[in-house]
Amino acid sequence: MDNNFLQKIVSLAKRRGFIYPGSEIYGGLANSWDYGPLGVELKNNIKQLWWKKFVHQREDIVGIDAALIMNPKVWEASGHLENFTDPLVECRKCHERFKADQVAGTDCPSCNAKKSLTVPKSFNLMFKTFIGPAEESSNIAYFRPETAQAMFVDFKNVLDTSRKKLPFGIAQIGKAFRNEITPGNFIFRTREFEQMEIEYFIAPPQSDQEWQEVFEHWRKAMLSWIKNDLKLDPKKVHELEVPEKERAHYSKRTIDFEFEFPFGIKELYGLAYRGDFDLKNHEQASGQNTKYKDPETQKEFWPHVIEPTWGVDRSVLAVLVNSYEEIDGKVKLKLPKKLSPYKAAVFPLLGNKPELINLARKIYLDLREVFLVAWDERGNIGGRYASQDEIGTPFCVTVDFQSLEDKTATVRERDSALQDRVKIEVLPEYLQKKING
Ligand code: GAP
């Protein structure tokens, strides 16, 4: 795979309304992207499936939806103010900045000025803003660089109101912001993105084996999500044990789940053991007790944390890349059925026969009660199939003259292109079974 392939994805995404360049009528804004009508459906389907699997279907996990802008003391306690930095060098001539580890020597890679690069300086990746009208240092706040911290800051409130006992987790889906130095590769690395994160709290382990077992549980759960829900090709998924010197400041062990993107093998998700770093620091910084009291022994302690974390936008990109197929110049997007924006499309065989349109319209409206359905009455049936294949619609339902006689319709399946004649009255159940099966 190569960047030519990525360009095909970018162009399909734009052409069919999945993802557009952000602020396009003003010439765009570098590395900002807007999800269009189909993109928002795909992204929401991913988030809803994740929430169902990891929150609704588990007794040991509850969700929150916290504010994006938190008290700046949070970022002092979490270590982000001090450690969430990249060493940068700057060209004295053109003032472009580069990650120190990505340039060799002191010549500017951009304007080629000789010996123009400065010594590396730390650059904090958090987006700064001011609360209220006065731009004073006392009003500085930050857009959260990860959703995780809210789960620690709200830990006591969640504990008191949900009455969960260890081990249990807090989940959140939401936006995070990072002033990345080298954003790029479409929606892979942007400055505004979404995360799905779980902080899973366990009693302080008495042995390495204790936390390793929980870590292993989450490793398998993440792999199951990747293979069974996103249905990514297992051959293109790799696990990387992150060496100590490359781990985040809080992590005692990290695994990166990587995917073969068109631009190389890159991080998709992460899994980290954070120890008791966060709750302990928040107690020390806030002066509030963030400990858990064991209901049996009445002993108080800071739970330890295993953190599985998923990027929403990287999930979207991986699914698009994995699903894209092109045969004889025709694109077929083999999205997992549950994730497809439209679950079905309904067509009257001819767009100028009111009796066909009326029956097809009724089927369309009935199916819309169950899931999102597309309607198309333009051109020939082959063209309509091709158009739905391109956006990943798993089923097309065609109403023809036989339908008026025997109350059946043709159901054509995207991947096999096979057709089935199905009784109209059982269509919703028929399709639902195939989508969930
Ligand atoms: N709370 C831990 C944490 O934030 P991370 O590895 O920095 O860990 C988690 O981020 C996930 O968020 C990544 O695995 C990736 O999927 C996604 N992510 C991180 N930075 C991103 C960016 N600039 N653009 C898009 N997704 C990003």
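The legends below describe close-up views of a predicted model.

Residues are numbered from 1 along each chain as its sequence is written, and side-chain values use heavy atoms, with hydrogens and water left out. Because the model is predicted, local features need pLDDT of at least 70 and side-chain atom pairs count only at pLDDT 80 or more, whereas totals for chains, interfaces and linings use all residues.

View 1. The ligand is surrounded by 20 residues, where a residue counts as near if one of its heavy atoms lies within 4 Å of the molecule; the closest are E146, T190, E197, E267 and L268. A polar side-chain atom of E197 is placed 2.5 Å from a nitrogen atom of the ligand, while an N or O atom in the side chain of E267 lies 2.5 Å from a ligand oxygen atom. Q195 brings a polar side-chain atom to 3.0 Å from an oxygen atom of the ligand. Taken alone the ligand exposes 550 Å², of which the protein buries 91%, the areas coming from the Shrake-Rupley method with a 1.4 Å probe.

**View 2. Composition of the shell around the ligand.** Two or more residues of the shell come from each of the elements β11 (192–202), β14 (264–275) and β17 (304–311), where helices (H or I, at least four residues) and strands (E, at least two) are DSSP runs numbered from the N terminus. The largest share, five residues, is given by β14. By residue class, the shell holds six nonpolar, five polar and nine charged residues; here Ala, Val, Leu, Ile, Met, Phe, Trp, Tyr, Cys and Pro count as nonpolar, Asp, Glu, Lys and Arg as charged, and the others, Gly among them, as polar.

**View 3. Salt bridges.** Side chains of opposite charge can pair when their charged atoms come close. With a salt bridge taken as a side-chain nitrogen of Lys or Arg within 4 Å of a carboxyl oxygen of Asp or Glu, the count comes to 30. D60 and R58 form one of these, their closest N and O atoms being 2.8 Å apart; D60 counts as buried because its relative accessible area is 18%, and R58 is likewise buried, with a relative accessible area of 18% (buried means under 20%, exposed over 50%, and partly exposed in between, with a 1.4 Å probe and protein chains only). R253 and E241 also meet in a salt bridge, at 2.8 Å from N to O, and this pair links distant parts of the chain, with R253 in strand β13 (residues 253–261) and E241 in strand β12 (residues 237–241), 12 residues apart. E241 has 45% relative accessibility and therefore counts as partly exposed. In a further pair, the side chains of E325 and K334 meet at 3.1 Å, N to O. Salt bridges that share partners also join E146, R274, D278 and E307 into one network.

View 4. D229 is found in helix α7 (residues 208–229) and is buried, because its relative accessible area is 12%. Its side chain is joined to that of K53 by a polar contact of 2.7 Å, a polar contact being a pair of N or O atoms within 3.5 Å, where within protein one must be able to donate a hydrogen and the other to accept it, and residues adjacent in sequence count only if both atoms are side-chain atoms.

View 5. Most residues other than glycine have a negative phi, and most peptide bonds are trans. In this model a cis peptide bond joins L166 and P167, with omega about -5 degrees, and P167 is placed in the loop between α6 (155–162) and β10 (168–177). S23, in the loop between β1 (19–21) and β2 (33–35), has a positive phi near 50 degrees. K407 has a positive phi of about 55 degrees although it is not a glycine, and its place is in the loop between α12 (401–406) and β23 (408–413). K407 is partly exposed, because its relative accessible area is 48%.

**View 6. A nonpolar surface patch.** L68, I69 and I131 form a nonpolar patch on the surface, with about 230 Å² of accessible area together. L68 is found in the loop between β3 (61–63) and β4 (69–70), and its 31% relative accessibility is why it counts as partly exposed. Such patches are made of residues with over 30% relative accessible area and no salt bridge, with like charges joined within 9 Å and nonpolar side chains (Val, Leu, Ile, Met, Phe, Trp, Tyr) within 5 Å.
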